Amino acid sequence: MCGIVGYIGNHDAKEILLKGLEKLEYRGYDSAGLALISEAGVHVFKEKGRIADLRKAVDGNVFAPIGIGHTRWATHGVPSKVNSHPHQSATGR
């Protein structure tokens, strides 16, 4: 089970996505993450635990008008920051 929220627009995606993920908290999950696309590239933030933990890990200096948020319920692998979604390739793509 997982929950996904996305945003494309002119505003900073971070807060919009975090609020969307908070609305999914009742569904239960073990980790969450954001992938944000800015002019500087892709920024991925992931944390085991609640959205409040993810919120603390997100760099407030990143402005990104495009992003995706993802929650994960560990059906494969142990709950951990590494297993949190979204995933990147070994090269960071």
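Predicted model: local features only at pLDDT ≥ 70, side-chain atom pairs only at ≥ 80, totals over all residues.
Residues are numbered from 1 along each chain as its sequence is written, and side-chain values use heavy atoms, with hydrogens and water left out.

I will start with the helices and strands, which are DSSP runs numbered from the N terminus, a helix being H or I with at least four residues and a strand being E with at least two. Helix H1 covers residues 13-23, and within it Ala13, Lys14, Leu17, Leu18, Gly20 and Leu21 are buried. These residues lie on the same side of H1, because they cover an arc of only 160° around the axis, where the arc is that of the directions from the helix axis to the C-beta atoms.

Now to the strands, where two of them are said to pair if DSSP finds at least two bridges between them. Strand E2, residues 31-38, is mostly covered, since 7 of its 8 residues are buried. On one hand, E2 is joined by 8 bridges to strand E3, residues 41-48, and the two run antiparallel; as an example, Leu34 has Phe45 in E3 as its bridge partner. E2 and E3 form a hairpin, with 2 residues between them. On the other hand, 7 bridges join E2 to E4, and this pair also runs antiparallel, with Ser31 partnered by Arg72 in E4 and Ala32 partnered by Thr71. Strand E4, residues 66-72, is mostly covered too, with 5 of its 7 residues buried.

Ile37 also lies in strand E2, and at 40% relative accessibility it counts as partly exposed. Together with Ile8, Val42 and Ile66, Ile37 forms a nonpolar patch on the surface, with about 370 Å² of accessible area together. Patches are made of residues with over 30% relative accessible area and no salt bridge, like charges being joined within 9 Å and nonpolar side chains (Val, Leu, Ile, Met, Phe, Trp, Tyr) within 5 Å, and the areas come from the Shrake-Rupley method with a 1.4 Å probe, where for residues only the protein chains shown count as cover.

Finally, how many salt bridges does the count come to? Taking a salt bridge as a side-chain nitrogen of Lys or Arg within 4 Å of a carboxyl oxygen of Asp or Glu, the count comes to 3. In one of them, Asp12 is bridged to Lys14, with the closest N and O atoms 2.5 Å apart; Asp12 is partly exposed at 24% relative accessible area, whereas Lys14 counts as buried at 8%.

Arg55 forms a salt bridge with Glu15, the closest N and O atoms being 2.7 Å apart. This pair links distant parts of the chain, with Arg55 in helix H2 (residues 51-57) and Glu15 in helix H1, 40 residues apart. The side chains of Glu22 and Arg55 also meet in a salt bridge, at 3.0 Å from N to O, and here again distant parts are linked, with Glu22 in H1 and Arg55 in H2, 33 residues apart.

Notes: Buried < 20%, exposed > 50% of the residue type's maximum accessible area, 1.4 Å probe, protein only.
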